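Please find below a colleague's note on the model, arranged as numbered points.

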Amino acid sequence: MISFLPSEEEQAFVEVASEFARTQLREAAREAEKSRMPSDGIVAKAHELGLISLELPESLAGSELPLVSQVQILEALSYGDLGIVQGLPGLCDSSSLIRVLPDPGRLELADGAAQRVPWLKLEAGEIAVVEEKGGFRLQGVTHPRRSVLGADQLLVSFFAPGGEAVLAWLNRTETEWRDEAGDVRLGLLAAHVGRAIFDATLVRQEDILARGAEAEALVREAETRVAVLEAAKCVGVMRASLEYTIEYTSQRKAFGQEIPKFQGVSFTVADMAIETEAARNLVWQAAHAVDARGAESVREAARALAYALRSARFVTNQGVQMLGGAGYLQEYPVEKWMRDAQAQCVLYGRETAWFERAGGRALGVAEKEGVLV
Amino acid sequence: MVHWFAEHEMRPISLLADREERVPDDWLAKVNRMGISLSMSNFGGDGGKKKEGEARKEPRERQTNRLGVIAAEELAWGDPAIALSLPGPGLGGPPVMSTGTPEQKERFLGIFTKDEPRWGAYALTEPGAGSDVSGIRTSAKKVDGGYVLNGHKVYITNGGRASWVVAFATVDPSLGRAGHRAFVVEKGTPGFTCTRVAHKMGLRASETAELVFEDCFVPIDNLLGGEAHYENRAGSSGFRVAMSTFDSTRPIVAAMAVGIARAAYEYTLDFVKKEYPRGQRVRSDVLAKLGEMDAKIHAARLLTWEAAWKADLGQPNAKEAAMCKAHAGRISLEVCSDCLEIMGPIGLDGHLVEKLYRDVKVFDIFEGTNQIQHLIVARRLYEPHGLRL
């Protein structure tokens, strides 16, 4: 029967994450943004608490938690600071791809879960791919992606000239690429956002993890997991903005009374609460679905992420709006949450594209072509 | 089972009932014999037909509220106006169940049998008191053996054909909420008349009546909960009866809105599959709209289930009930509107979606407007901060 109760084990894990978020992440948020990375102390503590290997398989010393547990923990952490969460090692998208690999033990992670390994889905417009000696050469500069700066290993997925999907693992000790910080100022500044530069970079045959239908299936399943996990982080930042807004506005007076007594304020805050709760429920439902049925639940995952991205923009924007001029100042956290939420939307796909995907699934159209068959 | 009924018994007469602004009598009689009622989806689960002793047999964690919202969604998917017309105590059931004495429950709920369709109704709104329930002016003057009611009630679902109506009145307007009393007024009581059945934008097959009480004597036995119920409690007990009814019925109304939205969405999916040319790209904006509708419907459904789940746990659910009602009422209209947009002019002519669009608008109004739901949510959010809105 329908239930919205976490298990006791999940509750215990969430309490640890919440405490860490409240007492450390929230405090360290501005400093991490300034230095463009979480401090060593924060990383060490997150590692100690087991919070950065939630998705990784046990064979790689990860916790291999079900998604329904992870979404609660990630919401709790992102409530502290989404920027730091996106900058922590181990919580990269590649974890989900590693999780679904049939033999993850064959990967040589440079430093176990503490390593940042971005997963770059290379698009045709940004990187040119040519075949060479059973492998491929990559040429071009990627769009800004999370976790790229300073990464010593990369997971890349791309389409070969004939349209075949390829999934490969690149290691800096064997393969050359550069990264570039660029001029990123919007948000998620501690998330190592940058561009990868491939200059005739060779993907050797032995770097290829999967190709063809196998690679497509792995990417689809990992994408489904990533969508749910990233949606959960959106819920965390929404809740942060909502609660701060309630606290602030309950003290703020104008025209002789507390401003929530004006319905322009209280109704907006009610909408923020409704959107946050709606997004959280969708994330939980998607997590349950993906845990049960894997990539078959792409519709649920797409629905959850699209809704969460839209709601995150709405809620964090209204958080700034409700604080008025104060909301625009960096003395208050809401402006950062708004910037971070917007950057999250930019990095994790246009919500319209996710809605399209869910709609295509509902309609039964061919995924790539959008054609009724 | 409920979906089967909705698909095979309700949907086939949906457009006919809308055009004729009534549900056929023989259909209602047949359905009544089948034991189908919207009350099966009321909080309390069985529409009050349960015997007193059976309450002890309930499992520790009740599921009736969750089953109720699931059933309500399915019935509204079939047709919301027909669902509201199904025989049973309707919105009058929850206050009788929650506040009535054992004798009153037996007397008023015991009439809903399979031999003949009967209805109950709930009369709160007045021409001058809609969202502000505390402002009702229907008067209840204490006299020997009972009360005399005088006043006017509007927008009463099944009010004309109901065997009885739970009517709210005040013994003294200056007392505000503390003066409220709930009475069960039976059809045929002298001074109690149905003066008009309203013609509406949608839900046309559902009867919406105006009721008038003119020196209408109601015996003391019909005061819901009896005198002691109002004497033993601090102040606003009658008002609380009205409000607690809303906490119970709003998730049902929200679930019905979800059912309507889903009906429009599924109808439109089928339309696109059938009418759009094979082998050609479906426009990306159409795909995105369908995906967005899918997300909105699921979000509203989950909020509704959450409110029902809290009720099953016996936890206060006023905030969640208001959240689901506010959200479902709004998005269901958006979904129906987007469906019409996708169908284009074809949708205007003999298709279900235009009817659903007309039907669904009121789900953002009745059982508390969207604005009232926002007020309730905001009150609950600011309460812990010592702020009373």
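How many bridges join strand β6 (residues 192–197) of chain B to β7(B), and do they run parallel or antiparallel?

1. Five bridges join β6(B) to β7(B), and these two strands run antiparallel; strands are DSSP runs of E of at least two residues, helices are runs of H or I of at least four, and both are numbered from the N terminus, while two strands pair if DSSP finds at least two bridges between them. Within this pairing, B:Arg196 stands opposite B:Glu210 in β7(B).

2. This is a predicted model, in which local features need pLDDT of at least 70 and side-chain atom pairs count only at pLDDT 80 or more, whereas totals for chains, interfaces and linings use all residues. Residues are numbered from 1 along each chain as its sequence is written, and chains are lettered from A and ligands numbered from 1 in the order in which they are written.

3. Strand β7 (residues 208–219) of chain B is also joined to β3 (residues 146–157) of chain B, by nine bridges and in antiparallel fashion. In that pairing, B:Gly151 has B:Phe213 of β7(B) as its bridge partner.

4. Between the chains, 39 residues of chain A are in contact with 38 residues of chain B. On the chain A side, α6 (212–251), α7 (263–293), α8 (298–323) and α11 (351–363) each supply at least two residues, and the largest share, 11 residues, comes from α7(A).

5. The axes of α11(A) and helix α10 (residues 284–312) of chain B come within 6 Å and cross at roughly 85°, which makes α11(A) roughly perpendicular to α10(B). Axes are lines fitted to C-alpha atoms, for helices over the stretch in contact, with angles from 0 to 180 degrees between N-to-C directions; angles of 65 to 115 degrees count as roughly perpendicular, under 35 as roughly parallel, over 145 as roughly antiparallel and the rest as oblique.

Methods. Two residues are in contact if their C-beta atoms, placed from the backbone, lie within 7 Å.
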